[in-house]
Amino acid sequence: MDGDTPYATDLALVERLRAGDEDAFMALVERLQPSMLRVARMFVSTQAVAEECVQECWLGVLTGLGKFEGRSSLRTWIFRILTNIAKTRGQREGRSVPFASLAGDDLDAPSYDPTTFLGEGEAAAGHWSSLPNDWRSIPEERLLSSETRAVVAGVLASLPPMQAEVLRLRDVAGWTSDEVRNALDLTETNQRVLLHRARAKVRRALDGYLRDEA
Amino acid sequence: MTTEAELTCREVVELLTDYLDDAIPTPERARLDAHLTACDGCSAALDQLRETIRVTGTLTEAQVAGERLEPIRSVFRAWRSETT
């Protein structure tokens, strides 16, 4: 983001695409394709149909480049085209996907085990009954080891699809909250709840794994 | 001693994603800041969340095999030949 023209870099990229720069286009495709396939797959019945949706999306992007004004990021704009295509396709397949099946039914679940806090009726109810482990004493090489990262990858693979995608886009790919909610057509609240739940599960798994070191 | 206006730790940990996104309205943000300064448990929880985000950020996306992108390259070339 640079000041008044947050998506100036995107406008420059759009110019290169309009000029027919195949390398710039394929680099963009390579970067976004894994995520686009997963998002499309949420709404349609098979991987093959998801791939068709993504292909249709890229054609829509290319023919619509003149309409991109830089009011959102390019990647957000691309994902909006994709979710529209995939949702329409899913509806045509007679497939209705309830939000809860994508988002998970545990959005209200607490981040920490309830027994971590003092119960109602006790003085200072709702405060820590035992303090969380102090991760600050964990050596950096342990925290960022391939084993620790495998724990995170394992949780990511087990999350409901929308929780996983929000977490990937925010914390792996580094998108902003506005980009993610616009790309996935989520409300601001839902974006944050999904992210918070996903992070809470990763944190909990990491805490279990790192406990010996703390 | 908990007053009605005071946040409990159980509430604070659910606000930390919003907190890091700077999405907490000012009056509540001040209460949260005060709580985090005073509470060792919640500052450790905030640290855990920050580290969780940092470790997650070191993951990389598995690439789609190059040959599976070829149909999209064809879409691009067809589009380019029509527009130029």
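## The main nonpolar core

The largest nonpolar core in this predicted model has 48 residues, and Ala40(A), Cys53(A), Cys57(A), Leu82(A) and Val166(A) have the most contacts inside it. A nonpolar core here is a set of buried Ala, Val, Leu, Ile, Met, Phe, Trp, Tyr and Cys residues joined through C-beta atoms within 7 Å; buried means that 20 or more other C-beta atoms, placed from the backbone, lie within 10 Å of a residue's own. With eight residues, helix 2 (residues 22–43) of chain A gives the most to this core (helices are DSSP runs of H or I, at least four residues, numbered from the N terminus). Domain 1 (8–92) and domain 2 (100–213) of chain A both contribute residues, so this core lies between them.

Apart from this core lies another, of eleven residues, including Tyr112(A), Leu16(B), Leu32(B) and Leu49(B).

## How the two domains meet

Domain bounds come from an automatic or database domain assignment. The C-alpha centres of domain 1 and domain 2 of chain A lie 29 Å apart. Their contact takes eleven residues from domain 1 of chain A and eleven residues from domain 2 of chain A, where contact means C-beta atoms, placed from the backbone, within 7 Å. On the side of domain 1 of chain A that touches domain 2 of chain A, helix 4 of chain A gives the most, with five residues.

## Reading the model

Residues are numbered from 1 along each chain as its sequence is written, and chains are lettered from A in the order in which they are written. Local features need pLDDT of at least 70 and side-chain atom pairs count only at pLDDT 80 or more, while totals for chains, interfaces and linings use all residues.

Definitions and conventions
Buried ≥ 20, exposed ≤ 12 C-beta atoms within 10 Å, placed from the backbone. Helix = DSSP H or I, 4+ residues; strand = E, 2+ residues; numbered from the N terminus. Contact = placed C-beta atoms within 7 Å.
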